[in-house]
Structures are given as C-alpha cells and as structure tokens.
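Please look through the sequence and the structure shown here, and then read the report that follows.

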Amino acid sequence: MTVEEMLKERPATEGTLDMDELQELLRVLDPRIYARHEPYIESYPDDEPAHIRCACTACGQVFASSHKRIKDITHCPECGTPVTPKRWGSRYKRVNAFLYTHLIRGKGRAVWARSYRVEQLLSEDELTIETTSVSIYHFDDGEAEKFVWNHDKGEWQKIKSKNFPGDNWYKNRMCGELRPAFIGHIDRETIDGSCLAYSQLDRVIGNHLPIIPYICLYLQYPAVEYLWKTENSRLILEYLQGAKSEVRKAVDLRAKDIKGLFRGAGKQEIKLFSGRESRDIYSMRKLFDAAAVPVNEDGARYACVRGEYIDAIPYGKPDFERELYHYIKKQEKKSGMSLRNTMVDYRDYLAQLAEIGGGERYPHDLQAAHARLSARLRKTEDKHLQGMFRARRRLWHWAEWQYQGMFIRIIDSVEEITIEGERQRNCVASYAERHANGKTVIFVLRKKDAPKENWHTVEIDPDILRVRQCRGYRNAEAAPEAKAFVKAWMAHLQEQKGRKTA
C-alpha cells in the first residue's frame with residue numbers, strides 16, 4: 001500500500017483540533033498579560049475611563065482595562081487567572097509554544113495520532129493561536145508507522161523504523177532544553193476495542209512517560225502491560241531512556257504471561273521485584289535461582305547491594321555465592337556497619353590481596369585484616385604520593401566550604417590520611433593512591449568549634465561530583481547533621497561547577 005493510500009484511511013476528524021482545549025493548556029504555561037497605554041479606548045467597565053489595552057495569554061482575549069498602571073494588573077479581569085504583567089510592544093512575537101499530540105480511533109483496531117507545534121502569537125493588534133502539523137502516526141496490532149512532511153517534495157513520507165523516539169521541539173538546542181509537550185484528551189471510545197485496549201495509557205500519562213515511544217514499545221512487546229500490574233513501571237522508564245539490554249536481562253519482554261515475563265519466578269519473588277531497577281532484579285533473580293540467598297526482604301536487600309559490585313566481585317557458582325552471602329552477613333553483624341559499607345570494605349580488601357599477590361580470602365575479622373593490609377601498603381607508597389597530594393590539594397581547594405557551624409576541606413597529606421584512618425578506625429589510608437591519582441577525592445568534615453577533632457570522612461566521585469561515602473567513627477553511618485551538610489555541599493559544588501562551565 002502506498003503512502004497516499006495509507007493516509008486516505010485516516011478518520012475524517014483526524015486533522016481537527018479543539019481550540020478550546022489548546023487555550024486551556026495555555027493557562028498553565030506562565031500566564032501573562034501584555035498591556036500598553038493608549039490615548040483613548042472605549043470605556044471599560046462602563047462609565048470608567050480606560051487607557052490600557054490588554055492581551056491575556058491565559059484566555060486569549062484582547063480587552064481594555066481601567067487600571068492606571070500596567071504593574072497593578074495581577075489578575076485577568078476577563079478570566080480571573082493570576083498573571084504576570086508585561087509590556088505590549090509593536091513587534092510581532094511568539095509568547096508561548098508547546099508540542100501537542102492527540103489520538104483518534106481509526107478503522108478496526110487501528111489508532112491514529114498526530115503531533116502539532118502550537119504557537120501563541122502576539123501582533124500589534126491581536127493574540128492568535130497557530131498550529132503546524134509535525135508528524136502522523138498509525139498504530140495497529142504489532143505495527144507502528146510514522147509519516148513526516150517532506151518540504152522538498154511537498155508530500156508525506158513514511159519513516160522506516162519499528163521504534164520512534166517521539167517528537168521533540170527544542171527551546172534551546174545548545175543546552176537540550178525542550179518545550180512543553182501535552183497529550184490531548186483521550187476518551188474511552190478511542191481506546192476500547194483498539195490495539196491499545198490494554199496498554200495502560202492512563203498510567204503512562206499519569207507517570208509523565210513519552211506516549212509515542214511507549215505505544216511503539218507496547219505494540220512490539222504487549223507483555224509491558226504486566227510490568228504495570230506488578231508495579232514495575234520503573235523498567236519501562238529505563239527501557240525508554242536507553243537501558244534496553246539491562247531491562248532484557250531482567251525480564252523477558254516476549255513472554256505471554258507474568259510468570260514468563262520474570263522467567264519462571266514465583267509469586268513471592270515477583271512481589272520482591274516490585275519497584276526495583278533492572279540491575280537489582282537481575283541480581284535478585286540470579287541469586288534466588290542459585291538458592292544462594294533466602295527469598296525474603298533480607299535476601300533481596302543483599303542481592304541489590306551485591307549487584308552494585310559485580311565488576312570487582314564477579315558472579316560465581318552457587319556455592320561461592322552462598323559462602324559470600326554468609327560471610328558478608330557475619331561481618332556486617334560483627335562490625336556494626338551497614339551491608340553496603342561491609343561490601344565496600346570487602347571489595348577493597350580483595351583489591352589489596354591482588355596487589356600483594358594473594359592471601360586469606362575470608363579473614364575472621366575483615367576490618368582488622370583490612371587495616372593491617374592498609375598499613376603495610378601505605379609504607380611503600382608514602383614518599384611517592386606526597387607530591388601528588390600537594391597537587392591534588394591545589395586542584396580541589398575551590399571545593400572547600402563552611403556552613404552552619406561545620407566546614408569541609410580536602411585531605412592535606414599522606415600523613416593526615418594515615419592519622420585520619422587511625423583515629424577514625426577506618427580504612428581511608430588505603431585510598432591514598434586513588435586520591436593522589438584523581439580516581440577519588442577524600443575530604444574531612446569538621447565542626448568549627450572543634451576543628452582539630454576528627455568527625456567524619458567523606459569520599460566523592462570527582463567526575464560527577466557525587467558522594468560515595470560519608471562515615472563517622474569506626475565506619476558508623478553519618479550523623480543527621482553531617483548528612484544535611486553533605487547534601488547542601490553537593491548542591492553548592494554543582495552550582496560552582498555550573499559557573500565554571502559557563
């Protein structure tokens with residue numbers, strides 16, 4: 001079938017827009033009143049002189065006002081919407097713009113969609129709405145087609161693809177800022193009995209997911225419906241954001257039922273999967289299938305943490321995973337640290353073993369063994385690292401900050417990182433080389449009224465300015481005020497980074 005023949009099957013109302021609905025959408029887009037002084041305007045209200053002509057973007061009306069000053073207009077006299085007053089000049093300008101998509105029922109089970117660019121334009125005399133068609137979509141069971149206008153040939157052209165990213169309208173292409181996008185009202189007659197009858201479109205719109213890419217995903221993999229029913233919509237968002245391979249590792253999108261979607265998982269396992277990321281579900285399923293961890297909340301929590309460190313500790317055979325689980329849980333209880341911090345310490349300990357050529361893989365006391373290896377490795381590295389520490393201190397001096405009676409500064413020297421580890425009873429000294437090489441950055445958090453007393457040690461990722469760890473004495477979880485400080489500090493660093501980039 002040719003493109004022309006295909007497009008002839010569109011519903012008669014496919015190209016018809018509800019202008020009242022478009023005007024309602026404009027109410028939420030920063031409503032403004034554009035106003036200018038004029039020598040004389042017919043009275044408004046009756047018997048009161050009016051000298052200001054107004055145009056309201058919220059209701060689209062042009063009218064006269066009796067206000068004496070433009071800045072006094074805070075609500076539209078016609079529609080009552082709170083507005084921001086602006087001066088109305090003589091230049092023709094676009095005051096609002098957004099992308100609008102509406103769906104219409106076609107023949108049989110087909111559904112058509114059309115996207116428009118909607119612009120609200122202010123001229124010297126009036127406020128108008130103009131629409132420009134961007135693309136047309138045709139959806140049917142197992143297929144999705146897109147047509148775009150070819151300006152050179154003056155005709156609609158079919159796009160050859162199974163997955164469409166949807167339509168975007170950049171407000172600022174340099175920084176990737178997009179204009180708002182809205183979906184037109186969808187009634188039950190459009191969806192019931194169509195190819196999208198079980199697509200959960202109401203939940204898609206409620207969760208602000210891009211509707212066109214989602215419809216393409218649903219038509220290709222109808223099992224996506226079950227992700228909504230099992231509260232795993234997070235996987236849909238990951239897939240639409242590009243993490244397709246990770247989602248496919250977690251679930252079988254070609255499945256015909258819920259059990260097949262999760263590759264034979266039982267009801268208890270599926271319940272534990274709810275709301276998790278694809279990486280977590282993959283790790284949980286792998287450990288559950290191997291009977292390495294119990295199928296409960298504790299096992300799920302361990303599996304999620306385990307999945308974060310597969311690069312350093314790759315998945316092994318079931319016996320290895322069972323042994324690792326029991327060892328980490330034992331060390332977590334022994335040390336009083338969180339599960340994640342215990343896993344981090346074990347990862348670092350294994351890296352130290354590899355550096356010295358091997359050793360005891362499961363020491364009785366992980367913290368003590370880690371500290372001994374840290375001290376041993378530190379002695380050979382101190383002299384080489386000292387100069388690199390000085391360079392790192394100069395480079396990160398800009399990140400030092402004080403706030404609400406606390407301050408944070410970069411670690412000063414090899415000697416200080418050693419003392420920090422000894423006084424705080426942690427393994428921060430083993431991070432000396434990674435700090436010196438710029439792979440991580442170590443800071444110390446202190447109270448201003450006790451600047452020489454050790455309080456918290458902080459590690460950040462220098463590439464994305466994200467906190468990796470913030471620990472107190474004996475690797476304890478950070479105090480509430482320390483957590484609040486670090487959160488504010490991260491926001492400060494991101495702001496400083498933005499200024500540097502600009």
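## The nonpolar cores

In the largest nonpolar core, which has 82 residues, the members that touch the most others are Phe139, Leu196, Leu201, Tyr302 and Tyr346; such a core is a set of buried Ala, Val, Leu, Ile, Met, Phe, Trp, Tyr and Cys residues joined through side-chain atoms within 4.5 Å. Helix H5 (residues 211-220) contributes the most to this core, with 8 residues. Another core, of 22 residues, lies apart from it and includes Ile410 and Trp455.

This is a predicted model, in which local features need pLDDT of at least 70 and side-chain atom pairs count only at pLDDT 80 or more, while totals for chains, interfaces and linings use all residues. Residues are numbered from 1 along each chain as its sequence is written, and side-chain values use heavy atoms, with hydrogens and water left out.

## Helix H5

Of the 10 residues of H5, 9 are buried, where buried means under 20% relative accessible area, exposed over 50% and partly exposed in between (1.4 Å probe, protein chains only). Among them are Pro213, Tyr214 and Cys216. Helices (H or I, at least four residues) and strands (E, at least two) are DSSP runs, numbered from the N terminus.

## The open sheet

Five strands form an open sheet in the order E13-E14-E15-E16-E17, with antiparallel pairing, and two strands pair if DSSP finds at least two bridges between them. Strands E13 (401-403) and E17 (466-471) are at the edges with a single partner strand each, so one side of each is left without a neighbour in the sheet.

Strand E14 (residues 406-410) pairs with strand E15 (residues 441-447) over 5 bridges in the antiparallel sense, and Val444 in E15 is the bridge partner of Arg409.
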